[in-house]
Amino acid sequence: MGSGSDAQIITESLGDPTVFALVFDRHYDSVHRYLARRVGAELADDLAAETFTTAFDVRRRYDTEHPDARPWLFGIAIRVLADYRRAARHGREVFTGEFDHMDGAPTALERLEGEEARD
């Protein structure tokens with residue numbers, strides 16, 4: 001289970017969503033470090049979580065011609081960071097909509113568990 005390339009793991013995660021945790025384990029630290037250098041460690045926790053939540057949600061669109069998911073994840077992290085900065089610049093509540101997991105929106109784990117239950 002899930003000992004191959006990121007592309008293989010992501011493909012496998014379409015049938016067994018729990019396998020996606022291997023991509024998280026492989027790349028979380030580097031994504032978090034990237035974000036922490038830009039916004040500090042505390043906010044990087046939230047933005048990295050959003051990065052991997054988004055990656056999980058769109059994993060069906062991953063181009064499996066690329067065995068390493070790191071560039072894909074960094075692309076997502078860059079967009080998450082840009083969305084955060086745009087919201088902050090406009091004085092909006094930063095963690096609303098997709099970001100808001102505090103007011104009843106499901107967390108990545110809850111979505112994963114729900115997906116498992118449906119399968």
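Me: Is aspartate 6 buried, partly exposed or exposed?
Reply: In this predicted model, aspartate 6 lies in helix α1, which covers residues 6-13. Its relative accessibility is 4%, and because buried means under 20%, aspartate 6 counts as buried.

Me: Which residues does aspartate 6 touch, not counting residues up to four places away in sequence?
Reply: Contact here means heavy atoms within 4.5 Å, and residues up to four places away in sequence are not counted. On that basis, the residues that aspartate 6 touches are Val23, Arg26, His27, Pro67, Asp68, Ala69 and Arg70.

Me: With which residue does the side chain of aspartate 6 meet in a salt bridge, and which helices does the pair tie together?
Reply: The N to O distance is 2.7 Å for the side chains of aspartate 6 and arginine 26, and a salt bridge requires such atoms to be within 4 Å. Aspartate 6 is buried at 4% relative accessible area, whereas arginine 26 is partly exposed at 40%. Aspartate 6 belongs to helix α1 and its partner to helix α2, so the pair ties together parts that are 20 residues apart in sequence. The partner is therefore arginine 26, and the helices are α1 and α2.

Me: How many salt bridges does a search of the whole structure find, and which residue forms one with arginine 86?
Reply: The search of the whole structure finds two salt bridges. In the one formed by arginine 86, the closest N and O atoms are 3.2 Å apart. Both residues of this pair lie in helix α4, and because they are three residues apart, about one helical turn separates them. Arginine 86 is partly exposed at 35% relative accessibility, as is its partner at 38%, and that partner is aspartate 83.

Me: How many helices and how many strands does the protein have?
Reply: From the N terminus on, the elements run α-α-α-α-α. Buried residues make up 38% of the 119 residues. The count is five helices and zero strands.

Key:
Residues are numbered from 1 along each chain as its sequence is written. This is a predicted model: local features need pLDDT of at least 70, side-chain atom pairs count only at pLDDT 80 or more; totals for chains, interfaces and linings use all residues. Side-chain values use heavy atoms; hydrogens and water are left out. Helices (H or I, at least four residues) and strands (E, at least two) are DSSP runs, numbered from the N terminus. Buried means under 20% relative accessible area, exposed over 50%, partly exposed in between (1.4 Å probe, protein chains only).
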